[in-house]
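Let's look at a protein together and ask what the words used to describe it really mean. Here it is.

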Amino acid sequence: MNNPQNLKEHWNKAYDKADNQLGWFEENPTPTMQLIDTCKLEKDARILNVGVGTTTLIDVLLDAGFTNLIANDLSNLALEKLKERILKSHNYNLNSIVDDLTKPIVLQNLESIDLWIDRAVLHFFLKDEEQTAYFNLIKKIVTKDGYMLIAVFSLDGAEKCCGLDLKRYNVEMLQNKLGNSFKLINSFNHTFINPFGSERPYVYTLFKRC
Ligand SMILES: C[S@@+](CC[C@H](N)C(=O)[O-])C[C@H]1O[C@@H](n2cnc3c(N)ncnc32)[C@H](O)[C@@H]1O
């Protein structure tokens, strides 16, 4: 399916199943945490996880002692499931924002984000104007000396996910989109094995705003 009329409905439908039945479900977000560890952030750093879905990364960040988390998604169902799980498991009231990264309204009002995290979201934005809106949002709300972590399907990665076409990236393409005010700190390739046993090659990148 290409560019469904109602993407919110599409994603809400995708989340109407158990987490471990999602093609992107990651039991341990180890590669993401590996990059976050190198940032040496304060525990009260403002961390925004965009297109968060129901990721286990939120549990792991709370277990690591981080206290100031914001979760965004287009799918209100994903956010409701995530919030409920986190309230039960960690007695933590997760700050959540339903908003479209390609037409941000509420997200525009955020400021001083110390760490932006995106795993498996940017590659869904096929149109130039969607990518521009996404990168403009980063430039607007990530603070000086803040970090940007993007894990995205690499050039040899899958061409579709969740029935949608994808745009795949390498480090240079991300650097070009971010411009000179973001410095590459680290990057590596990682092949994720999804719950159905298929290989999904990603490139993981960490940039710092200077
Ligand atoms: C492949 S899932 C990845 C979820 C999560 N980041 C993870 O690693 O488990 C992509 C996520 O992006 C969200 N998403 C898709 N388009 C979006 C948009 N325009 N704005 C915000 N979130 C979006 C979907 O609802 C979904 O939760």
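Q: What makes strand 2 and strand 3 a pair, and in which sense do they run?
A: Two strands pair if DSSP finds at least two bridges between them. Strand 2 (residues 69–73) and strand 3 (residues 95–98) have four bridges, in the parallel sense. Within this pairing, Asp73 stands opposite Val98 of strand 3. Strands here are DSSP runs of E with at least two residues, helices are runs of H or I with at least four, and both are numbered from the N terminus. This is a predicted model, where local features need pLDDT of at least 70, side-chain atom pairs count only at pLDDT 80 or more, and totals for chains, interfaces and linings use all residues. Residues are numbered from 1 along each chain as its sequence is written.

Q: What share of the residues count as buried?
A: Of the 210 residues, 32% do. Buried requires 20 or more other C-beta atoms, placed from the backbone, within 10 Å of the residue's own; exposed means 12 or fewer, and partly exposed lies in between.

Q: Which residues are closest to the ligand?
A: They are Trp11, Gly51, Gly53, Leu74 and Leu101, out of 20 surrounding residues. A residue counts as near if its C-beta atom, placed from the backbone, lies within 6 Å.
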